[in-house]
Amino acid sequence: RIEELRHADVPPARHLIDGSFVPASDGGEMEVISPLDGTRLTVMARGTVADAEAAVAAARRAFDDGRWADMAPAARKAVLLKWAALIEDNALDLAVLGVRDNGTEIGMALKAEPLSAAQTIRYYAEAIDKLYGEIAPTAPGSLGLVHREPAGVVGAIVPWNFPLMIGAWKLGPALAAGCSVVLKPAETASLSLLRIAELAMEAGLPAGVLNVVTGEGAVVGASIAESMDVDVLVFTGSGATGRRLLEASARSNLKRVYLELGGKSPNIVFADAPDMDEAVKVSANGIFRNAGQVCVAGSRLLVERSIHDAFVARLTEFVQGMKVGDPLDPSTAAGAVNSLRQLEQNLGFVAEARAAGRDIRTGGARILEETGGYFMQPTIVTGVDPSDRLAREEVFGPVLAVIPFDTEDEAVAIANGTDFGLAAAVWTANLSRAHRMIRQIKAGVVHVNTYGGSDLTVPLGGVKQSGNGHDKSLHAFDKYLDLKTAWIKL
Ligand code: ADP
């Protein structure tokens with residue numbers, strides 16, 4: 001089935017605006033290049049400012065006339081549950097389409113993309129009719145009620161590494177809350193999101209409640225960010241773009257902006273880690289799956305000096321056994337780098353580390369160039385100094401920086417020594433130390449004796465320059481629901 005889908009024709013992609021699939025207003029298109037072989041997969045609409053404005057206007061109308069927000073919670077829930085079921089029914093097709101567009105290995109894509117998106121949508125759909133308001137503990141003589149109301153029109157700008165998963169983290173709670181949405185997918189991963197938007201229409205989502213505009217971030221994304229009619233802007237992507245979105249909000253209507261940005265997440269292995277085999281395997285997967293293109297990737301490995309050489313040797317051996325290549329082969333551990341631009345950026349980091357005399361322990365090069373695809377060896381760089389660019393800036397590729405440490409305090413100082421604060425991990429059998437580290441590490445999530453695991457019940461978000469606000473869990477609703485107080489004199 002995968003082989004059949006691998007070569008299936010992909011029709012030209014159009015925007016979804018006000019319930020209809022439409023080309024760009026000026027007829028503009030852009031090529032969709034597959035990272036699997038560098039060939040043209042299809043074309044998609046190159047959105048204009050007019051397209052973005054039309055989508056926002058449609059979302060505004062849909063919100064203001066209450067066609068979704070005022071529907072009975074049970075009715076909205078039924079639509080979203082049907083949508084989740086349709087996504088599941090089409091999971092393999094969606095996963096393969098997404099892989100051809102963005103390069104993630106199919107084993108991971110299937111779980112992390114359509115199936116995770118369906119779960120997310122279902123999770124928030126099921127919460128719709130369990131969101132009660134509050135009665136405040138006021139003094140006698142007055143009654144304070146706290147209502148929760150949908151925040152309005154949501155602009156959602158999402159990246160290319162996990163378009164469906166991250167898209168659903170925004171769409172699930174936003175739509176469940178009763179908001180309407182204008183979604184801007186990334187240039188290099190729009191197809192599967194457009195397809196699930198089509199399924200949303202099939203499930204009965206009213207026209208205009210979900211709109212999708214494809215094209216360039218600097219045009220479509222910027223227009224959404226500048227709009228006076230967007231109430232909330234949610235974003236996952238780079239810090240540079242996040243900064244622009246905050247500026248756009250300040251220039252326009254002070255829309256609330258929630259950012260999930262990059263990381264340089266420390267994965268800290270102490271000599272007393274309970275299971276070194278597990279630590280090796282999970283650390284490798286924590287950075288190299290999806291070719292390192294994971295916002296929470298454990299891209300800095302901090303290893304206690306007494307075990308540093310042995311741990312690096314075992315890690316290197318494990319990593320050299322990871323199968324890199326064709327993402328549509330189910331046995332592949334790490335697929336393609338998303339774009340040529342990204343590949344060149346990854347190789348630039350390696351070249352700089354090499355020039356600085358760092359040890360490229362394994363990897364460091366482009367491979368399978370004859371396929372035309374964008375593949376890179378998993379790369380381990382040792383002897384990295386915490387001040388190196390490789391230790392401070394996000395690569396967003398399969399490049400691991402290894403840094404030795406001697407004491408717990410030093411590990412904390414190195415771990416906290418970047419502008420980021422997204423994820424972290426600590427490997428130790430010492431319970432007190434684990435709790436000390438959890439307290440001291442500045443990050444949105446600290447894993448203990450594992451890396452990267454989580455589920456929908458826990459929030460995901462960053463501190464410092466990794467962002468604000470949270471996806472996942474019931475806390476995600478906070479972004480999409482306004483509190484309104486009613487103060488009544490009795
Ligand atoms: P990356 O460098 O990883 O592609 P970006 O932050 O550039 O990260 O991209 C994430 C999302 O932000 C994409 O959907 C992209 O189109 C969008 N984007 C890029 N530039 C802008 C911008 N100036 N304004 C709004 N959105 C943007």
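First, the cut-off I need: a residue is buried if 20 or more other C-beta atoms lie within 10 Å of its own, exposed if 12 or fewer, and partly exposed in between. Also a reminder to myself that this is a predicted model.

**Entry: Met-71.** I looked up Met-71 and found it in the loop between α2 (49-64) and α3 (73-89). Is Met-71 buried or exposed, or something in between? I get 17 C-beta neighbours inside 10 Å, so Met-71 goes down as partly exposed. I also checked Met-71 against Ala-391: they are 320 residues apart along the chain, and their C-alpha atoms are separated by 50 Å.

**Entry: Leu-97.** Next I went to Leu-97, which sits in helix α4. Leu-97 has 22 C-beta neighbours inside 10 Å, so I call it buried. Which residues does Leu-97 contact, leaving aside its neighbours within four places in sequence? I noted Val-10, Leu-191, Ser-192 and Arg-195.

**Entry: α4 against α5.** While in α4, I looked at how it packs. Helix α4 (residues 91-102) meets helix α5 (residues 106-127) at an angle of about 115°, and the axes are 9 Å apart. I logged the crossing of α4 and α5 as right-handed. On the α4 side, the residues in contact are Ala-91, Leu-92, Leu-94, Ala-95, Val-96, Gly-98 and Val-99. On the α5 side they are Ile-106, Ala-109, Leu-110, Glu-113, Pro-114 and Leu-115. By type, this contact comes out as 11 nonpolar, one polar and one charged.

**Entry: around the ligand.** Which residues come nearest to the ligand? Of the 15 around it, I wrote down Gly-217, Gly-221, Gly-237, Ser-238 and Thr-241 as the nearest. Helices α8 (217-226) and α9 (239-251) each give at least two residues to this shell. The largest share is from α8, with five residues. I sorted the shell by type and got seven nonpolar, five polar and three charged.

Notes
Residues are numbered from 1 along each chain as its sequence is written. This is a predicted model: local features need pLDDT of at least 70, side-chain atom pairs count only at pLDDT 80 or more; totals for chains, interfaces and linings use all residues. A residue is near a molecule or strand if its C-beta atom, placed from the backbone, lies within 6 Å of it. Helices (H or I, at least four residues) and strands (E, at least two) are DSSP runs, numbered from the N terminus. Ala, Val, Leu, Ile, Met, Phe, Trp, Tyr, Cys and Pro count as nonpolar, Asp, Glu, Lys and Arg as charged, and the others, Gly among them, as polar. Axes are lines fitted to C-alpha atoms, for helices over the stretch in contact, and angles run from 0 to 180 degrees between N-to-C directions. A crossing is left-handed if the near helix is turned anticlockwise from the far one by less than a right angle, and right-handed if clockwise. Two residues are in contact if their C-beta atoms, placed from the backbone, lie within 7 Å.
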